[in-house]
Amino acid sequence: MSEPFYITTAISYPNGRPHIGHAYEAIATDVMARFQRARGRDVRLITGTDEHGLKMFQTARNQGRETIDLADEMSGYFRDMYARLNISYDNFMRTSDPAHHRASQAIWQAMEANGDLYLDRYEGWYSVRDEAFYDESELTDGEAGVRLSPQGTPVEWTVEESWFFRLSNYQDKLLALYADQPDFIRPESRRNEVLRFVEGGLKDLSVSRTSFDWGVPVPGSPGHVMYVWVDALTTYLSGLGYPDPDGDFGKFWPANIHMIGKDIVRFHTVYWPAFLMSANLPLPKQVFGHGFLLNRGEKMSKSLGNVVDPMELAERFGVDALRYYLLREVSFGQDGSYSAEAIVRTANADLANSFGNLAQRSLSMIFKNLDGKLSIDYALAQEDADLLADILAMAEERLPREFEQLAFSIGIEDWIRAVFACNQYVDAQAPWALRKSDPERMRAVLMTLFQAVRTLAIAIRPVVPDAADKLLDQMGIAADARDFAALADRDWFGKLATSGFTVGQPVPIFPRLELPEGEGVA
C-alpha cells in the first residue's frame, strides 16, 4: 500500500473572478501533489469555493438574483482557471453542496457534545469583506471616521444573537501544540505572529449569524446559520467525505499540508485546530502560509487597476511557462513580484534557450546522424559517467529534498544548474565535429545526452507537466515510467535501445516568447 498524502489549497471566496494570487497558490499546491504522486504516494488534492456569508448574499441581492445563481457562476470561474492551469485536483468541494452541509453539521454537533458551544448575544466590530470579527484594540481610524480592520477593510458595529465557541478554553492547548510541533505553522515568521496573538489571550468566538440565511443551518437552532469559518474550514473534511470513516476521510485525514495565503493564517492555525480538538479529530500536520504575489512590486488592487487575470497570462505566455516562472522566481513563503517582461525573460532563458534547446539539438543529432537509433554498444568515458551521476543525484536526491520542504525555487535552481552542465558538456564534446573525426565517440556523447534529457524531464515534470510529457513522448518513455521510481531503474536505457524504438524528427517543446511592440524586456 502506498503512503497517503493529503494536501489542500485555501477554499477561495468567489465574490470576484480568480486573480493571479489564486493561480499562484493553486499551481504551488498542484506541483506538490504531482511531486508526491511521482514519489509513489497516494495523493488527494482538494480545493473548492467558500460560497456562504454576507458578502455573497449582499452582492446577489444588489444584482437582483438568487444567491445560489451567483455562487454557481462565480464558482465556475475558479473551475475554469484550475482546468486551464492544469491543476490535478481530486475533488472540488463547494460549501453549497449537500455533502458539505452534512459535514459541517457533524462537526458542529461534535463540538456541541463536547460542551464548547453556547448561545449568547454578540456585540462587536465586524468586517463584511473579511467575514471576520475584530477586537477594538485591533482597529485603526480611517477617513471620515470609518473604523478599519488590520486588513484595512471597513468594520461595522454588529448586534445579534449568536452561538459562541469556547476558544478561550484552548489557549494553553494551542500553545502546547506550537511547542510540541514547531513545523505545524510554516514559515517561521508566520509561526511567530500566531504565537504572539495566542499568548495575548483568546476570546470566545462568534460562530453563527441570524441576519441572513445564506449558509449551513445550525442543527437544532432555527434562524441561525454557521459563521463562515466553521463552515469554510470544514471543507477540508467534507472534501474527503467526513463524517464517513470508511472512505477517503478514514484513509487521508489528517492533512499533510494546508496551503494558504499569509492573510488567513490565524483562522487556520488558531480557530481550525481548536475546532478539531473540540470535535476530537486529529490535527493537520502543517499549515503553510505563503506570501503575496506583487505586480511589479505593488500589491494588486482594483483601485490601482493592476489586478491580473491568470487566464490571460496563461493564454499569452503558455501554462507551463507561467507555472515555471512563479515557482522558479518566487521564494515560496515570501512575497514575490512578477511582470510580463520577467516571465518572458525567465521562460526564454531557462526553458527555450537552455532546456528546450538541449533537448531539441540532442534528439535532432540522434535523428540525423544515427537514423534515430539508440545503442548500448558504446564506450562510456569518465566525463559521460560524471555528468550522468550528477544529474541523477539532482533528480533523486537534491531536488526532492528541497521540494519536500516546499523550497521549490531552490530545487528548480539545482535543476537548471544541471541543464547548464549538460549544455556545457555539449559544447565541450562538440558531437557535430566528432561526426567526422570520431563517430563512435559521437555515438557515446549522444547516448549520454539522451539519458540526461530523460532524467531532467522527469525531475521537472511536476512543474511543467504538459511540456515534459510531450518531450518524453518523443523519447519513447512509457507513460507509466515517468516517476521517481523510474529513475531508480538502471536498465531502462538498455531496454528502450533494444526495443526497436527510434527517435523521430523532434518537435520543439518550449517556443520562444515575445512581448508585444512597445513592451521591451527589462
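These legends describe close-up views of a predicted model. Local features need pLDDT of at least 70, side-chain atom pairs count only at pLDDT 80 or more, and totals for chains, interfaces and linings use all residues. Residues are numbered from 1 along each chain as its sequence is written, and side-chain values use heavy atoms, with hydrogens and water left out.

View 1. Helices here are DSSP runs of H or I with at least four residues, strands are runs of E with at least two, and both are numbered from the N terminus. Helix α14 covers residues 382–404, which is 23 residues. From its first C-alpha to its last it reaches 32 Å, close to the 33 Å expected at 1.5 Å a residue. That expected span is 1.5 Å times one less than the number of residues. A kink of about 45° is centred on Met394. The bend at a residue is the angle between axes fitted to the seven residues ending there and the seven starting there. After α14 comes Leu406, with a positive phi near 65°.

**View 2. The buried residues of α14 and their cover.** Buried means under 20% relative accessible area, exposed means over 50%, and partly exposed lies in between (1.4 Å probe, protein chains only). Among the buried residues of α14 are Asp384, Leu387, Leu388, Ile391, Met394 and Phe403. Their cover includes α1 (20–38), α15 (408–429), α17 (439–460) and α19 (484–487).

**View 3. Glu402 and its surroundings.** Glu402 sits in helix α14. What does Glu402 contact, leaving aside its neighbours within four places in sequence? Its contacts are Ala407, Ile410 and Gly411, where contact means heavy atoms within 4.5 Å. Glu402 also forms a salt bridge with Arg401. The closest N and O atoms of this pair are 4.0 Å apart. A salt bridge is a side-chain nitrogen of Lys or Arg within 4 Å of a carboxyl oxygen of Asp or Glu. Is Glu402 buried or exposed? Glu402 is buried because its relative accessible area is 19%. Arg401 is partly exposed, at 48% relative accessibility.

**View 4. Salt bridges elsewhere in the model.** How many salt bridges are there by this rule? The count comes to 38. Arg121 and Glu123 meet through their side chains at 3.1 Å, N to O. Arg121 is exposed, with a relative accessible area of 51%. Glu123 is partly exposed, at 43%. Another salt bridge joins Glu136 to Arg147, with the closest N and O atoms 2.9 Å apart. This pair links distant parts of the chain, 11 residues apart. Glu136 lies in the loop between β5 (132–134) and β6 (140–141), while Arg147 lies in strand β7 (residues 147–148). Glu136 is partly exposed at 41% relative accessible area, and Arg147 is buried at 18%. Asp42, Arg44, Asp248 and Lys251 are linked in a salt-bridge network.

**View 5. An open antiparallel sheet.** Four strands make up this sheet, in the order β5-β4-β8-β10, with antiparallel pairing. Two strands pair if DSSP finds at least two bridges between them. β5 and β10 (205–206) stand at the edges with a single partner strand each, so one side of each is left without a neighbour in the sheet. Strand β8 (residues 156–165) pairs with β10 over 2 bridges. Phe164 has Ser206, in β10, as its bridge partner.

**View 6. An open parallel sheet.** Six strands follow the order β3-β2-β1-β13-β14-β9, and the pairing is parallel. The edge strands, β3 (91–94) and β9 (185–186), each pair on one side only. Strands β13 (residues 257–261) and β14 (residues 287–290) run parallel and are joined by 4 bridges. Gly261 has His290, in β14, as its bridge partner.

**View 7. Helix α10 lies across strands of both sheets.** Helix α10 (residues 265–278) lies across β5, β8 and β10, at about 30° to β8. It also lies across β9, β13 and β14, at about 140° to β13. Axes are lines fitted to C-alpha atoms, for helices over the stretch in contact, and angles run from 0 to 180 degrees between N-to-C directions.

**View 8. The packing of helix α2.** In helix α2 (residues 54–62), Leu54, Lys55, Met56 and Ala60 are buried. The buried residues of α2 pack against α3 (67–84) and β4 (117–127). Just after α2, Gly64 takes a positive phi of about 70°.
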